[in-house]
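Colleague: Please take a close look at a single part of this model and describe its surroundings. After that, go on to the rest of the chain.

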Amino acid sequence: MKGDLFSSQHVVQPAVAPGMSVENAKCVKYAVNGEMYARQGAMVAYRGDLVFERKGQGVGGMLKRAVTGEGLPLMAVRGQGEAWFAHEAQNCFIVDVEPGDQFTVNGRNVLCFDASLSYEIKTVKGSGITGGGLFNSVFTGQGRLGLVCDGNPLVIPVSAQAPVYVDTDAVVGWTTHLQTSLHRSQSIGSMLRGGSGEAVQLMFQGEGFVVVRPSELTPHKNQQH
C-alpha cells in the first residue's frame, strides 16, 4: 500500500524497551512486560500475549468514589506485548515520578501508569466541602504516569513571591510542595449583579508547578466524567 497514511509518520515501530512512551500527540504506547494499569476503556489496540482485567478499588476506594465522584475506573494489563492507549483524541503527555515526589492529578486526566506507582484519592486541602470535584488522585513511588488533556497543557511555575490562581475546572495537577486554598475573586456586589462567571479559584502557594488545561469543562464533558 502507498500514500501518506502508510508513511513513517503513522506506521508504528516496535518498542525498543519495556514501559511507556508517547506514540503520537494523541496516543501512548506501553510495552508491557509484567503488569501495568490503565483507565478502563482506554485501550485502542494491542499485540502480543496480554490480558485485561478490571481492577477493584477495595471497600475504601469504592466509598471514596461514591462520595467524591473522583474514583479511577482502572484495569490491570498483564503479560507481554504492546498496547496503545488514548481517550477521546485528547493530547497525551508523560510525567516521571521520582522517589520522594508526590504528584496530585485530577482523575479525569489519568490515562495509564506503571504498577510501581501507588495512588490514593484525597480531598484538596483548603477546599472544604464546596466546589464539587475538589478531590484528586495522589501518586507516589517511582515510575511513569500517562496523562491526557484537552489541548496543550499549560505548566505554570509557582513561587513564594508569585502564587497562581486557577479555575477549579481547569486544574490538571500539581507538584509536591504546593499548598492549596480556595480564593474568591468577586465581590459580593458583583455576584449579586450576576457575576463574571469566575467567582472562585484554587490558589497555589509555595514552590513548584501547576498543570492547567486550556479550557474549562463544558456541561457535556462534565457529565461524561
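Modeller: Leaving aside its neighbours within four places in sequence, Ala76 is in contact with Glu35, Met36, Tyr37, Val51, Phe52, Glu53 and Lys55, where contact means heavy atoms within 4.5 Å. This is a predicted model, in which local features need pLDDT of at least 70 and side-chain atom pairs count only at pLDDT 80 or more, while totals for chains, interfaces and linings use all residues. Residues are numbered from 1 along each chain as its sequence is written, and side-chain values use heavy atoms, with hydrogens and water left out.

Of the residues that Ala76 touches, Glu35 is 41 residues away in sequence, yet the C-alpha to C-alpha separation is 6.8 Å. Ala76 belongs to strand S4; strands here are DSSP runs (E, at least two residues), numbered from the N terminus. Ala76 counts as buried because its relative accessibility is 1%; buried means under 20% relative accessible area, exposed over 50%, and partly exposed in between, for a 1.4 Å probe and protein chains only.

Glu82 is also found in strand S4. With 10% relative accessibility, Glu82 is classed as buried. Its side chain makes a polar contact of 2.6 Å with that of Arg47. A polar contact is a pair of N or O atoms within 3.5 Å; within protein, one must be able to donate a hydrogen and the other to accept it, and residues adjacent in sequence count only if both atoms are side-chain atoms. Not counting residues up to four places away in sequence, Glu82 touches Gln13, Pro14, Ala15, Lys29, Tyr30, Ala31, Ala45, Tyr46, Arg47 and Leu50.

Next, the cores. The largest nonpolar core has 17 residues, and Phe103, Val105, Val110, Phe113, Phe139, Leu145 and Leu147 have the most contacts inside it. Such a core is a set of buried Ala, Val, Leu, Ile, Met, Phe, Trp, Tyr and Cys residues joined through side-chain atoms within 4.5 Å. At least two residues of this core come from each of strands S4 (74-85), S5 (91-97), S6 (102-105), S7 (110-114) and S10 (143-149). Another core, of 16 residues, lies apart from it and includes Met20, Met36, Leu50 and Phe85.

Elsewhere in the chain, three strands form an open sheet in the order S12-S15-S14, with antiparallel pairing; two strands pair if DSSP finds at least two bridges between them. Strand S12 (164-167) and strand S14 (178-184) are the edge strands, each pairing on one side only. Seven bridges join S14 to strand S15 (residues 200-206) in the antiparallel sense, and Leu182 stands opposite Leu202 in S15.

Conventions: Helices (H or I, at least four residues) and strands (E, at least two) are DSSP runs, numbered from the N terminus.
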